[in-house]
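Please look over the sequence and the structure shown here before reading the report.

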Amino acid sequence: MVSGVTLPLQGDTVLLPERIGELTGLDQFGVGGELLATFLAAFIVGNIMLAMTGVAGPWAKRKITAAFTDRIAVNRLGPAGLLIIVADSVRLLSKELIIPEDADRPAYDLAPLVIASSALLGFAVIPMGSGIHLADPEVGLAFVFAVAGIASIGLVMAGYASANKYSMLGGLRAVAQNVAYEIPLVVTGMSVVIFAGSLQMSTIVDAQAQTLVSLGGLDIPAWYALVNPFAFVLFLVANFAEVGRNPFDTPEAPTEIVAGYQTEYSSVYFVLIYLGEFIHIFLGGAIIATIFLGGPAGPGPAELGIVWFIIKIWGVFFLTQWLRSAVPRVRIDQLIEIGWKGLLVLSFANLVITAVIVGLIA
Amino acid sequence: MNDWIAIGALALVGLLIPLGMMAVSYLLRPSVPETSKRATYESGEVPTGGTRIRFNIQYYMVALLFVVFDIETVLLFPWAVVYLDAVESDAVSLLEILGPMLLFVAILMVGLAWAWRTGAVQWAQTPSQATSGSDRQ
């Protein structure tokens with residue numbers, strides 16, 4: 001069993017800023033050099049996510065949907081149509097910016113910024129493997145939940161400031177949804193904290209490296225998705241609602257309210273909201289990978305960590321796209337009831353049962 | 001280097017990337033002002049009425065419940081962190097570490113049951129729907 005294992009002490013992992021400081025020799029230049037190395041590390045992490053979103057948004061999403069609906073998607077530019085990423089970026093950024101007449105200006109302009117940057121900030125504490133881990137505070141998991149919650153404010157700002165009725169409805173729906181699913185998400189995450197005994201991301205990942213069972217010489221790691229599959233499923237569902245993906249994409253429901261809170265956004269503002277949503281899907285995937293799927297763990301040498309990590313979060317992304325093609329959208333009143341009467345009760349039951357079982361076994 | 005400085009650095013990068021994209025877009029995009037181009041989008045119709053009206057947001061009670069449960073999760077986090085250590089040490093018995101939390105969750109569950117019975121955790125019906133008996137289908 002996972003409990004009863006001595007966990008590594010805090011601070012024995014080498015984080016990315018220190019690594020870069022050593023590699024570039026910047027750590028010899030005192031505080032200024034260290035700050036520069038930290039900034040470089042943050043820049044690398046930010047751009048990894050930007051690149052992944054670039055591949056996911058204009059290319060992978062279209063390819064996956066096309067495969068599900070028996071069509072051929074983007075295949076004209078470059079190998080497998082990959083150069084559409086460049087073409088689409090230029091196209092979207094060079095669109096005219098049309099701001100609605102009654103828009104509430106500072107809020108209207110700030111909303112895309114809030115949505116895009118808050119999602120990016122969550123990746124600061126995610127261990128991506130191969131030494132790509134920016135920061136490892138002791139409150140890691142609480143931090144990432146807190147940061148992921150900031151996006152709701154951006155959605156309300158976008159919905160209200162657009163002065164559009166569809167945007168308003170979309171913004172209100174987004175809050176109702178985030179309010180209903182935040183608690184099940186955090187409480188299910190807490191049942192993992194009971195196993196690991198820490199909120200620190202590196203400790204949670206290390207705790208999952210133990211062997212759960214050996215099947216014919218093959219060691220099955222104690223990933224929390226295998227230790228507690230019920231919590232894993234709960235967390236997946238709550239996460240899809242939290243990032244507003246099918247079957248819980250009611251805030252932007254294109255067949256009901258045009259595009260919800262992003263109806264009035266064009267040009268670079270639209271790109272930023274879209275980007276923020278994709279980074280949010282990946283942040284959700286990163287949290288799932290870290291606390292349920294062993295983080296960057298996988299067969300082969302530890303240097304392959306980033307590959308396994310990317311495979312895992314793309315697995316979650318693929319699942320969102322699969323559900324998008326396969327599952328109908330729930331109605332807003334169903335959504336509220338699923339959250340408060342279903343997931344909330346189940347997540348507390350999971351927490352209590354987990355605590356009792358861990359208590360009896362230890 | 002301190003963890004929080006690294007997080008601050010990523011916050012800075014997270015602001016600089018969108019701002020950079022805005023700057024690039026500012027240099028690239030055209031500006032062709034036309035009459036009614038900036039009108040609010042209402043499926044192609046001429047917009048009627050304003051948006052900032054009094055509006056039944058349907059989930060006032062749910063939002064209040066959220067505050068209660070959110071504070072509860074904050075209070076449960078420290079318990080979840082120390083739980084494993086406390087169970088493994090012989091200083092406290094299982095009942096001592098598990099009991100208070102169970103009581104705490106039970107009180108909140110009673111609250112949720114009350115909210116459930118009074119219909120607070122469902123999408124509110126408009127008065128016309130409630131009287132005509134056409135419930136949420």
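Predicted model: local features only at pLDDT ≥ 70, side-chain atom pairs only at ≥ 80, totals over all residues.

## Chain B and its first helix

The secondary structure of chain B consists of four helices and zero strands, and along the sequence these elements give the pattern α-α-α-α. Chain B has 137 residues, of which 20% are buried. Its domain assignment gives domain 1 (1–31) and domain 2 (60–124), and the centres of domain 1 of chain B and domain 2 of chain B, taken over C-alpha atoms, are separated by 39 Å.

The buried residues in H1(B) are B:Asp3, B:Ala6, B:Ile7, B:Ala9, B:Leu10, B:Val13, B:Gly14, B:Ile17, B:Pro18, B:Met21 and B:Ser25. An α-helix has 3.6 residues a turn, so residues three or four places apart point the same way. The cover over the buried residues of H1(B) includes helix H1 (16–24), H2, H3, H4 and H11 of chain A.

## The contact between the chains

In the contact between the two chains, 59 residues of chain B meet 72 residues of chain A. On the side of chain B that touches chain A, H1, helix H2 (60–88) and helix H3 (94–117) of chain B each supply at least two residues, and the largest share, 19 residues, comes from H1(B). Sorted by class, this side of chain B has 43 nonpolar, seven polar and nine charged residues.

## Helix H4 of chain A

Helix H4 (residues 105–121) of chain A has 17 residues, and at 1.5 Å a residue these should span 24 Å, which agrees with the 25 Å between its end C-alpha atoms.

## The largest nonpolar core

The largest nonpolar core has 143 residues, and of these A:Leu134, A:Leu272 and B:Leu10 touch the most other members. Helix H6 (residues 165–196) of chain A gives the most to this core, with 20 residues, while domain 1 (1–31) and domain 2 (60–124) of chain B each contribute at least three residues.

When residues up to four places away in sequence are left out, A:Leu134 touches A:Leu15, A:Leu16, A:Pro17, A:Ala41, A:Ala42, A:Val45 and A:Ala124 in chain A, and B:Ala6 and B:Leu10 in chain B. Both B:Ala6 and B:Leu10 are among the buried residues of H1(B).

Which residues have a positive phi although they are not glycines? A:Asp70 has a positive phi of about 60°, and A:Ala80 has one of about 55°. A:Asp70 is placed in the loop between H2 and helix H3 (84–93) of chain A, and A:Ala80 likewise lies in the loop between H2 and H3 of chain A. A residue counts as exposed if 12 or fewer other C-beta atoms lie within 10 Å of its own; A:Asp70 is therefore exposed, with 6 C-beta neighbours inside 10 Å, and A:Ala80 is exposed as well because it has 12.

A:Val31 is found in helix H2 of chain A and is exposed, with 9 other C-beta atoms within 10 Å. A:Val31 and A:Ile85 are 54 residues apart in sequence, and their C-alpha atoms are 39 Å apart in space. A:Lys312, found in helix H12 (residues 305–326) of chain A, is buried, with 23 other C-beta atoms within 10 Å. A:Lys312 and A:Gly295 are 17 residues apart in sequence and 8.3 Å apart in space, C-alpha to C-alpha, and A:Lys312 touches A:Ala289 and A:Leu293 when residues up to four places away in sequence are not counted.

Methods. Residues numbered from 1 in each chain as written. Chains lettered and ligands numbered in written order. Expected span 1.5 Å × (residues − 1). Domains from an automatic or database assignment. Contact = placed C-beta atoms within 7 Å. Nonpolar A, V, L, I, M, F, W, Y, C, P; charged D, E, K, R; others polar. Core = buried A, V, L, I, M, F, W, Y, C linked by C-beta atoms within 7 Å.
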